[in-house]
Structure formats: C-alpha cells, structure tokens
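Please read these points with the model open beside you. They take a few residues in turn and end with the chain as a whole.

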Amino acid sequence: ARICRINDVEVDFTGEYSTLIVIQKDKPGVVTYITKCLSDQDVNIAFMRLFRESKEIQLILSLNRWLLPENIAEEIGKSPNVSDVMIIQL
C-alpha cells in the first residue's frame with residue numbers, strides 16, 4: 001500500500017513499517033519532544049518526513065517496530081504543540 005494524501009496534504013509513505021503520523025505546531029523543540037518519547041520507549045525511527053501545511057506540520061515517522069507501545073500516542077499527545085497523533089500498524 002502507498003499513501004499519497006492525508007487531509008488534502010500530499011504525503012508519500014508505504015505500509016512496510018509501523019507508522020506514526022503527528023500533526024503539530026511549527027515551533028522549535030516539538031520534533032525533539034516526539035523523538036525523545038519514542039527513544040524513551042526503545043522505538044527506533046527508520047524514516048522521518050515533515051510536510052508543512054500553513055502553520056502546522058505533519059510529521060510522518062516509519063518505525064523499526066511492528067507493535068508500538070500502547071501508550072505512545074497518549075505520551076506524544078501530552079505536548080500542547082501536538083494536535084493529533086495517528087498510528088498505522090499492519
């Protein structure tokens with residue numbers, strides 16, 4: 001499977017890896033916060049891409065782990081600069 005569009009934003013990723021999609025504000029330190037949440041749970045990033053849409057960013061992370069920790073979306077969503085977290089696991 002190849003996903004090319006999410007909410008009218010052009011993206012490009014496949015279902016080869018578990019994928020985390022984060023909608024975030026375009027502010028310093030947000031990507032660092034997200035990657036630290038992943039690192040703290042021993043989740044490694046295979047690929048990472050940012051897609052800008054006005055003042056928000058869609059961050060797409062393909063991860064080297066089939067099953068992600070159950071609380072990872074909740075942990076990332078604690079940031080006031082994160083508006084949505086979606087997980088795609090096949």
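1. D42 is exposed, with a relative accessible area of 65%. In these notes, exposed means over 50% relative accessible area, buried means under 20%, and partly exposed covers what falls in between, all with a 1.4 Å probe and with protein chains only. D42 sits in the loop between α1 (30-40) and β4 (45-53). Helices (H or I, at least four residues) and strands (E, at least two) are DSSP runs, numbered from the N terminus. D42 is not a glycine, yet its phi is positive, at about 60°. Most residues other than glycine have a negative phi.

2. A word on the source of these values. This is a predicted model, in which local features need pLDDT of at least 70 and side-chain atom pairs count only at pLDDT 80 or more, while totals for chains, interfaces and linings use all residues. Residues are numbered from 1 along each chain as its sequence is written, and side-chain values use heavy atoms, with hydrogens and water left out.

3. Is V43 buried or exposed? V43 lies in the loop between α1 and β4, and at 6% relative accessibility V43 counts as buried. Contact here means heavy atoms within 4.5 Å. Once neighbours within four places in sequence are set aside, the contacts of V43 are L38, L63, R65, L68 and P69. V43 and E75 are 32 residues apart in sequence, and their C-alpha atoms are 13 Å apart in space.

4. Which residues does Q24 touch? Q24 belongs to strand β3 (residues 18-25) and is buried, at 3% relative accessible area. Not counting residues up to four places away in sequence, Q24 touches V30, V31, I34, K55, E56, I57, L59, N81, V82 and S83.

5. E16 is in the loop between β2 (9-14) and β3. With a relative accessible area of 52%, E16 is exposed.

6. V11 and R5 may be read together. V11 is placed in strand β2 and counts as buried, at 6% relative accessibility. R5 is in strand β1 (residues 2-6) and is partly exposed, at 47%. Leaving aside neighbours within four places in sequence, V11 is in contact with I3, C4, R5, I6, F51, Q58 and I60. Under that exclusion, R5 is in contact with E10 and V11. The C-alpha atoms of V11 and L59 are 9.9 Å apart, with a sequence separation of 48 residues.

7. How many disulfides does the model have? The rule asks for a pair of cysteine sulfur atoms within 2.5 Å, and by this rule the count is zero. C4 is partly exposed, with a relative accessible area of 44%, while C37 counts as buried at 7%.

8. The chain as a whole has two helices and six strands. In sequence order they follow the pattern β-β-β-α-β-β-α-β. The radius of gyration is 12 Å, close to the 12 Å that the globule rule gives for 90 residues, so the chain is as compact as a globular protein of that length. That radius is taken over C-alpha atoms, and the globule rule is 2.2 Å times the number of residues to the power 0.38. Along the principal axes, the C-alpha atoms fill a box of roughly 30 × 30 × 15 Å.

9. Of the 90 residues, 36% count as buried. Among contacts with a separation of 6 or more, 62% join residues 24 or more positions apart. The chain exposes about 5600 Å², and carbon and sulfur atoms supply 49% of this area. Areas come from the Shrake-Rupley method with a 1.4 Å probe.

10. Last, the charges. The chain has 10 positive and 13 negative side chains, and the centres of the two sets lie 6 Å apart. Lys and Arg count as positive and Asp and Glu as negative, with His and the chain ends not counted. Each charge is placed at NZ of Lys, CZ of Arg, CG of Asp or CD of Glu.
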